Amino acid sequence: MNGLYALKPWYADRLSGVRGALARRRVSPDALTAAGVAAAAAASGALALLPSGWAAAPVALLLAARLACANLDGALARDTGRSTRRGALLNEAGDRAADLLVIAAFWAVAPGWLVALAACAATLPSWVSLAGAAAGAPRLNGGPAGKTERCLLAVVAAATGWYAPVLAVIAVGSAATALLRGVRLWRELGAADRAASAPYGATPPSAVPSAAATGGTR
(Lines give C-alpha, C1' and ligand atoms only; values in the text may rest on other atoms or scores of the structure.)
Protein backbone atom coordinates (compact mmCIF):
# COMPACT_ATOMS: atom_id res chain seq x y z
CA MET A 1 0.00 0.00 0.00
CA ASN A 2 2.97 2.38 0.48
CA GLY A 3 3.45 3.01 -3.24
CA LEU A 4 6.18 5.55 -4.00
CA TYR A 5 6.28 6.49 -0.32
CA ALA A 6 8.44 3.37 0.15
CA LEU A 7 11.24 5.34 -1.54
CA LYS A 8 11.16 8.07 1.12
CA PRO A 9 14.16 6.77 3.16
CA TRP A 10 16.27 6.59 0.00
CA TYR A 11 15.08 10.05 -1.08
CA ALA A 12 15.72 11.55 2.37
CA ASP A 13 19.25 10.14 2.25
CA ARG A 14 19.83 11.85 -1.10
CA LEU A 15 18.73 15.15 0.45
CA SER A 16 20.92 14.82 3.54
CA GLY A 17 23.59 17.15 2.15
CA VAL A 18 21.01 19.81 1.34
CA ARG A 19 19.51 19.40 4.80
CA GLY A 20 22.92 19.89 6.39
CA ALA A 21 23.57 23.04 4.37
CA LEU A 22 20.18 24.46 5.33
CA ALA A 23 20.84 23.70 9.00
CA ARG A 24 24.22 25.46 8.89
CA ARG A 25 22.56 28.52 7.39
CA ARG A 26 19.79 28.36 10.00
CA VAL A 27 17.06 28.32 7.36
CA SER A 28 13.62 28.20 8.98
CA PRO A 29 11.61 25.00 8.46
CA ASP A 30 8.54 27.22 8.06
CA ALA A 31 10.27 28.97 5.16
CA LEU A 32 10.67 25.59 3.45
CA THR A 33 6.98 24.85 3.97
CA ALA A 34 6.13 28.19 2.34
CA ALA A 35 8.58 27.51 -0.50
CA GLY A 36 6.85 24.18 -1.16
CA VAL A 37 3.47 25.88 -1.44
CA ALA A 38 4.98 28.51 -3.75
CA ALA A 39 6.47 25.79 -5.97
CA ALA A 40 3.07 24.08 -6.16
CA ALA A 41 1.44 27.40 -7.11
CA ALA A 42 4.01 27.93 -9.87
CA ALA A 43 3.47 24.38 -11.14
CA SER A 44 -0.26 25.07 -11.17
CA GLY A 45 0.30 28.17 -13.30
CA ALA A 46 2.49 26.26 -15.74
CA LEU A 47 -0.06 23.46 -16.04
CA ALA A 48 -2.92 25.89 -16.65
CA LEU A 49 -1.17 28.28 -19.04
CA LEU A 50 1.29 26.24 -21.08
CA PRO A 51 0.30 23.82 -23.86
CA SER A 52 0.54 20.12 -23.05
CA GLY A 53 4.01 18.83 -23.79
CA TRP A 54 5.62 22.21 -23.21
CA ALA A 55 4.27 22.20 -19.66
CA ALA A 56 5.82 18.84 -18.73
CA ALA A 57 9.36 19.98 -17.86
CA PRO A 58 8.46 23.04 -15.73
CA VAL A 59 5.65 21.17 -13.96
CA ALA A 60 7.96 18.23 -13.22
CA LEU A 61 10.75 20.47 -11.90
CA LEU A 62 8.43 22.59 -9.76
CA LEU A 63 6.62 19.59 -8.29
CA ALA A 64 9.97 17.95 -7.56
CA ALA A 65 10.86 21.10 -5.63
CA ARG A 66 7.49 20.96 -3.85
CA LEU A 67 8.15 17.35 -2.76
CA ALA A 68 11.71 18.18 -1.71
CA CYS A 69 10.46 21.00 0.50
CA ALA A 70 7.81 18.72 1.97
CA ASN A 71 10.52 16.22 2.86
CA LEU A 72 13.00 18.77 4.14
CA ASP A 73 10.86 20.99 6.36
CA GLY A 74 9.97 18.41 9.00
CA ALA A 75 13.37 16.70 8.83
CA LEU A 76 15.17 20.02 9.25
CA ALA A 77 12.97 20.92 12.22
CA ARG A 78 13.79 17.61 13.93
CA ASP A 79 17.51 17.82 13.12
CA THR A 80 17.82 21.32 14.55
CA GLY A 81 15.50 20.91 17.54
CA ARG A 82 12.96 23.36 16.13
CA SER A 83 9.92 21.07 16.06
CA THR A 84 6.88 22.97 17.29
CA ARG A 85 3.12 22.43 17.38
CA ARG A 86 2.61 25.52 15.26
CA GLY A 87 5.12 24.18 12.76
CA ALA A 88 3.21 20.89 12.59
CA LEU A 89 0.00 22.81 11.91
CA LEU A 90 1.68 24.87 9.19
CA ASN A 91 3.16 21.72 7.67
CA GLU A 92 -0.23 20.01 7.36
CA ALA A 93 -1.98 23.14 6.08
CA GLY A 94 0.81 23.71 3.57
CA ASP A 95 0.54 20.18 2.23
CA ARG A 96 -3.22 20.48 1.74
CA ALA A 97 -2.86 23.90 0.10
CA ALA A 98 -0.16 22.63 -2.28
CA ASP A 99 -2.31 19.66 -3.32
CA LEU A 100 -5.35 21.85 -3.99
CA LEU A 101 -3.34 24.48 -5.87
CA VAL A 102 -2.09 21.88 -8.36
CA ILE A 103 -5.57 20.42 -8.90
CA ALA A 104 -7.04 23.92 -9.28
CA ALA A 105 -4.98 24.32 -12.46
CA PHE A 106 -7.25 21.79 -14.16
CA TRP A 107 -10.19 24.26 -14.06
CA ALA A 108 -8.75 25.76 -17.25
CA VAL A 109 -8.62 22.48 -19.14
CA ALA A 110 -11.18 20.02 -17.71
CA PRO A 111 -14.85 19.91 -16.60
CA GLY A 112 -15.37 21.83 -13.37
CA TRP A 113 -17.34 19.04 -11.68
CA LEU A 114 -14.49 16.60 -12.26
CA VAL A 115 -11.93 19.06 -10.89
CA ALA A 116 -14.06 19.58 -7.77
CA LEU A 117 -14.48 15.84 -7.32
CA ALA A 118 -10.74 15.20 -7.64
CA ALA A 119 -9.95 18.06 -5.24
CA CYS A 120 -12.30 16.69 -2.59
CA ALA A 121 -11.06 13.13 -3.04
CA ALA A 122 -7.40 14.21 -2.85
CA THR A 123 -7.91 15.51 0.69
CA LEU A 124 -9.48 12.29 1.99
CA PRO A 125 -6.31 10.21 2.59
CA SER A 126 -4.79 12.91 4.79
CA TRP A 127 -7.98 13.45 6.78
CA VAL A 128 -8.22 9.71 7.46
CA SER A 129 -4.57 9.57 8.54
CA LEU A 130 -4.93 12.61 10.79
CA ALA A 131 -8.09 11.20 12.37
CA GLY A 132 -6.27 7.94 13.06
CA ALA A 133 -3.29 9.76 14.57
CA ALA A 134 -5.65 11.79 16.78
CA ALA A 135 -7.09 8.49 18.05
CA GLY A 136 -3.59 7.24 18.94
CA ALA A 137 -2.74 5.14 15.88
CA PRO A 138 0.44 5.46 13.82
CA ARG A 139 0.29 8.13 11.10
CA LEU A 140 -0.26 6.38 7.77
CA ASN A 141 1.25 7.62 4.51
CA GLY A 142 1.75 6.40 1.00
CA GLY A 143 -0.33 5.22 -1.94
CA PRO A 144 -1.75 3.86 -4.09
CA ALA A 145 -2.52 7.54 -4.74
CA GLY A 146 -0.69 9.50 -2.09
CA LYS A 147 0.99 12.89 -2.40
CA THR A 148 3.88 11.68 -4.56
CA GLU A 149 1.64 9.74 -6.92
CA ARG A 150 -0.66 12.76 -7.34
CA CYS A 151 2.31 14.91 -8.31
CA LEU A 152 3.41 12.28 -10.82
CA LEU A 153 -0.07 12.18 -12.31
CA ALA A 154 -0.05 15.96 -12.71
CA VAL A 155 3.19 15.64 -14.68
CA VAL A 156 1.56 12.96 -16.87
CA ALA A 157 -1.32 15.37 -17.57
CA ALA A 158 1.12 18.16 -18.43
CA ALA A 159 3.02 15.90 -20.81
CA THR A 160 0.06 14.25 -22.56
CA GLY A 161 -2.93 16.58 -22.29
CA TRP A 162 -4.99 13.75 -20.77
CA TYR A 163 -6.48 16.12 -18.23
CA ALA A 164 -9.86 14.48 -17.61
CA PRO A 165 -8.50 10.90 -17.42
CA VAL A 166 -5.78 11.99 -14.98
CA LEU A 167 -8.35 13.75 -12.79
CA ALA A 168 -10.47 10.60 -12.80
CA VAL A 169 -7.47 8.53 -11.71
CA ILE A 170 -6.68 11.04 -8.95
CA ALA A 171 -10.29 10.93 -7.71
CA VAL A 172 -10.63 7.15 -7.75
CA GLY A 173 -7.11 6.50 -6.51
CA SER A 174 -7.41 8.99 -3.65
CA ALA A 175 -10.74 7.50 -2.55
CA ALA A 176 -9.21 4.02 -2.66
CA THR A 177 -6.21 5.23 -0.65
CA ALA A 178 -8.48 6.74 1.99
CA LEU A 179 -10.52 3.52 2.17
CA LEU A 180 -7.43 1.33 2.55
CA ARG A 181 -6.03 3.57 5.28
CA GLY A 182 -9.40 3.61 7.03
CA VAL A 183 -9.66 -0.19 7.02
CA ARG A 184 -6.14 -0.56 8.37
CA LEU A 185 -6.73 2.04 11.09
CA TRP A 186 -10.05 0.44 12.07
CA ARG A 187 -8.29 -2.88 12.60
CA GLU A 188 -5.36 -1.37 14.50
CA LEU A 189 -7.55 0.74 16.75
CA GLY A 190 -9.82 -2.23 17.39
CA ALA A 191 -6.81 -4.30 18.43
CA ALA A 192 -5.69 -1.50 20.73
CA ASP A 193 -9.14 -1.27 22.31
CA ARG A 194 -9.23 -5.02 22.90
CA ALA A 195 -5.77 -4.91 24.42
CA ALA A 196 -6.76 -2.05 26.71
CA SER A 197 -9.86 -3.87 27.95
CA ALA A 198 -8.18 -7.26 28.44
CA PRO A 199 -6.89 -8.35 31.88
CA TYR A 200 -3.34 -7.21 32.60
CA GLY A 201 -0.84 -9.51 30.92
CA ALA A 202 -3.45 -11.25 28.75
CA THR A 203 -2.44 -9.50 25.53
CA PRO A 204 1.10 -9.30 24.17
CA PRO A 205 2.46 -5.74 23.90
CA SER A 206 2.87 -6.14 20.13
CA ALA A 207 -0.90 -5.91 19.70
CA VAL A 208 -0.90 -2.29 20.87
CA PRO A 209 0.31 0.37 18.41
CA SER A 210 3.32 2.23 19.79
CA ALA A 211 3.03 5.98 20.11
CA ALA A 212 6.62 6.20 18.91
CA ALA A 213 5.57 4.53 15.65
CA THR A 214 3.65 7.61 14.62
CA GLY A 215 6.90 9.43 13.90
CA GLY A 216 7.35 13.08 14.72
CA THR A 217 5.95 15.88 12.67
CA ARG A 218 6.64 19.56 12.98
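Is T177 buried or exposed? Select T177 first: this residue is buried, with a relative accessible area of 0%. Here, buried means under 20% relative accessible area, exposed over 50%, and partly exposed in between, using a 1.4 Å probe and protein chains only.

The structure is a predicted model, in which local features need pLDDT of at least 70 and side-chain atom pairs count only at pLDDT 80 or more, while totals for chains, interfaces and linings use all residues. Residues are numbered from 1 along each chain as its sequence is written, and side-chain values use heavy atoms, with hydrogens and water left out.

**Around T177**

T177 belongs to helix α8, residues 163-197. Helices are DSSP runs of H or I with at least four residues, numbered from the N terminus. Next, display the backbone oxygen of G173, which the side chain of T177 reaches at 2.8 Å. Then select P125, G142, G143, P144, A145 and G146, which are in contact with T177 when its neighbours within four places in sequence are left aside. Contact means heavy atoms within 4.5 Å.

**The nonpolar cores**

Now select L47, V59, L63, I103, F106, L167 and I170, the residues with the most contacts inside the largest nonpolar core, which has 30 residues. A nonpolar core is a set of buried Ala, Val, Leu, Ile, Met, Phe, Trp, Tyr and Cys residues joined through side-chain atoms within 4.5 Å. Six residues, the largest share of this core, come from α6. Centre the view on F106, which touches L47, V115, A157, Y163, V166 and L167, not counting residues up to four places away in sequence. A second, separate core has six residues, among them L22, L32, A68 and L72.

**The α4 and α5 pair**

Colour α4 and α5, whose axes come within 11 Å and cross at roughly 170 degrees. Axes are lines fitted to C-alpha atoms, for helices over the stretch in contact, and angles run from 0 to 180 degrees between N-to-C directions. The crossing makes α4 roughly antiparallel to α5, a term for angles over 145 degrees. To view the contact, select L63, R66, A70 and D73 in α4, which meet N91, D95, A98, D99 and V102 in α5.

**The loop at R26**

Finally, select R26 in the loop between α2 (16-24) and α3. R26 is exposed, with a relative accessible area of 63%. Although R26 is not a glycine, this residue has a positive phi of about 55 degrees. Most residues other than glycine have a negative phi.

Note on methods:
Helices (H or I, at least four residues) and strands (E, at least two) are DSSP runs, numbered from the N terminus. A polar contact is a pair of N or O atoms within 3.5 Å; within protein, one must be able to donate a hydrogen and the other to accept it, and residues adjacent in sequence count only if both atoms are side-chain atoms. Angles under 35 degrees count as roughly parallel, over 145 as roughly antiparallel, 65 to 115 as roughly perpendicular and the rest as oblique.
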